[in-house]
Amino acid sequence: MIQRIAVLTSGGDAPGMNAAIRSVTRTALEQGWEVFGVRQGYAGLLGATFVPLNARSVGGIIQQGGTVLGSARSQEFMTEAGRKKALHHLAEQGIDALVVIGGNGSQTGAYALSQMGFPVNGVASTIDNDLVGSDITIGVDTALNIALEAIDRLKVTASSHHRAFLIEVMGRKSGYLALMAGIAGGAEAIVIPEFETTPEQVADVIRISYERGKSHAIIVVAEGATYDADKLVQYFAKRDELGFELRATTLGHIQRGGAPGAFDRLLGTRLAACAVEALARGEYGVLAGSIGGRMTTTPLAEIVGKTKALDPDLVRLAGILAR
Ligand code: F6P
């Protein structure tokens with residue numbers, strides 16, 4: 001029977017993680033359990049840095065970006081010896097179950113612990129939206145809105161100067177953020193890892209936009225694309241064929257640092273509650289994700305090592321709209 005649980009945030013921070021920490025804490029307290037936060041993700045399990053959490057200590061955090069527990073990417077935890085050490089520290093602290101809030105790498109770690117017999121549930125959280133087991137993950141909506149605000153601003157200055165802009169967004173190997181930001185931002189072209197786009201094709205789009213009399217051309221580029229913004233800039237530096245002058249902006253971590261919007265606060269809150277409720281009914285080794293708008297659990301065994309595919313209809317639509 002569970003009496004004491006721990007919660008950690010791992011991997012890239014995502015807006016809405018704090019809502020999830022708050023919800024894990026309060027729904028676990030409702031079960032009559034004690035709750036401990038682990039500092040700096042799996043690194044905190046290795047260093048045994050546990051902090052007691054209560055209803056008050058998670059007050060006033062739902063609107064904050066980042067994670068109050070801190071996050072990290074731990075190399076040591078990726079080794080079997082590291083994971084044994086983590087289990088040892090969990091046992092020493094009298095922890096009966098763990099909730100891991102994070103993305104692909106973090107859930108792979110959660111699965112490894114659960115394979116070693118420890119009760120762990122995951123909460124789907126990453127701005128990349130590449131996790132199988134959740135249509136949308138914590139942080140995506142806020143990161144997308146931040147990218148969109150940047151695109152809108154860059155479009156203004158692009159129009160003033162009759163320039164083309166390459167705008168690089170995060171997403172690791174997933175083109176989701178770039179695709180959605182490109183569609184919502186009215187981009188002339190979107191370059192994503194899932195589909196090969198050559199620099200010549202990008203050049204064609206920019207040149208055609210110029211010839212059509214547009215005042216700007218906006219190209220949203222995913223960081224994981226074969227030709228990212230840097231490579232495209234290098235490629236175009238040797239050519240003078242675009243019509244527009246070219247500039248590039250990489251949004252980078254700005255997308256991760258925002259305060260969560262309503263969507264991510266609610267998603268973080270609901271997914272975390274789903275993970276805790278699963279623990280309470282003895283369902284372990286699952287990921288809490290949102291599928292078809294419902295908070296659902298999927299066995300970690302079914303999601304690790306996989307990457308969610310993009311919706312081909314959206315990719316097709318993006319091509320149609322960029323005229
Ligand atoms: O996974 C989230 C993410 O922001 C990716 O989009 C990006 O590639 C990566 O993390 C950056 O990692 P770090 O914060 O360690 O530089």
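1. At 43% relative accessibility, Glu149 counts as partly exposed (buried is under 20% relative accessible area, exposed over 50%, partly exposed in between, with a 1.4 Å probe and protein chains only). Glu149 sits in helix H5 (helices are DSSP runs of H or I with at least four residues, strands are runs of E with at least two, and both are numbered from the N terminus).

2. A word on the basis. This is a predicted model, in which local features need pLDDT of at least 70, side-chain atom pairs count only at pLDDT 80 or more, and totals for chains, interfaces and linings use all residues. Residues are numbered from 1 along each chain as its sequence is written, and side-chain values use heavy atoms, with hydrogens and water left out.

3. Next, the domains. The protein chain splits into domain 1 (4–139 + 260–302) and domain 2 (142–256); the bounds come from an automatic or database domain assignment. Taken over C-alpha atoms, the centres of domain 1 and domain 2 are 34 Å apart. Domain 1 gives 13 residues to the contact and domain 2 gives 10 residues. Contact here means heavy atoms within 4.5 Å.

4. The largest nonpolar core has 82 residues. Such a core is a set of buried Ala, Val, Leu, Ile, Met, Phe, Trp, Tyr and Cys residues joined through side-chain atoms within 4.5 Å. Ile5, Leu45, Leu98, Val99 and Ile101 have the most contacts inside the core. Helix H5 (residues 140–161) supplies the largest share, 8 residues. Domain 1 (4–139 + 260–302) and domain 2 (142–256) each provide at least three residues to this core. Another core, of 17 residues, lies apart from it; Ala189, Ile219, Phe244 and Leu246 are among its members.

5. What does Ile101 touch, leaving aside its neighbours within four places in sequence? The contacts of Ile101 include Val7, Leu8, Thr9 and Ser10. Met17, Ala20, Ile21 and Val24 are also among them, as are Gln107, Val123 and Ser125.

6. Thr249 deserves a look. Thr249 lies in strand E9 (residues 245–250). Its relative accessible area is 23%, so Thr249 is partly exposed. Leaving aside neighbours within four places in sequence, Thr249 contacts Leu154, Phe165, Leu166, Ile167 and Glu168. The C-alpha atoms of Thr249 and Ile151 are separated by 9.7 Å, with the residues 98 apart along the chain.

7. Check two backbone angles. His162 is not a glycine, yet its phi is positive, near 50 degrees. His162 is in the loop between H5 and strand E6 (163–169). It is partly exposed, at 45% relative accessibility. Arg172, also not a glycine, has a positive phi of about 55 degrees. Arg172 is in the loop between E6 and helix H6 (176–184). Its relative accessible area is 44%, so Arg172 is partly exposed.

8. Last, the cavity. The structure holds 1 cavity of 30 Å³ or more. A cavity is a set of points, on a 1 Å grid over the protein atoms alone, where a 1.4 Å probe fits but cannot get out; lining residues have an atom within 4 Å of a point. The largest cavity holds about 30 Å³ of space. Val191, Ile192, Phe195, Glu196, Thr197, Ala225, Thr226 and Tyr227 line the largest cavity. The lining divides into 5 nonpolar, 2 polar and 1 charged.

Notes
On a 1 Å grid over the protein atoms alone, a cavity is a set of points where a 1.4 Å probe fits but cannot get out, and a pocket is an open set with protein on both sides within 12 Å along at least five of seven lines; lining residues have an atom within 4 Å of a point. Grid points are joined across faces, edges and corners, and a volume is the space filled by probe spheres set on the points. Ala, Val, Leu, Ile, Met, Phe, Trp, Tyr, Cys and Pro count as nonpolar, Asp, Glu, Lys and Arg as charged, and the others, Gly among them, as polar.
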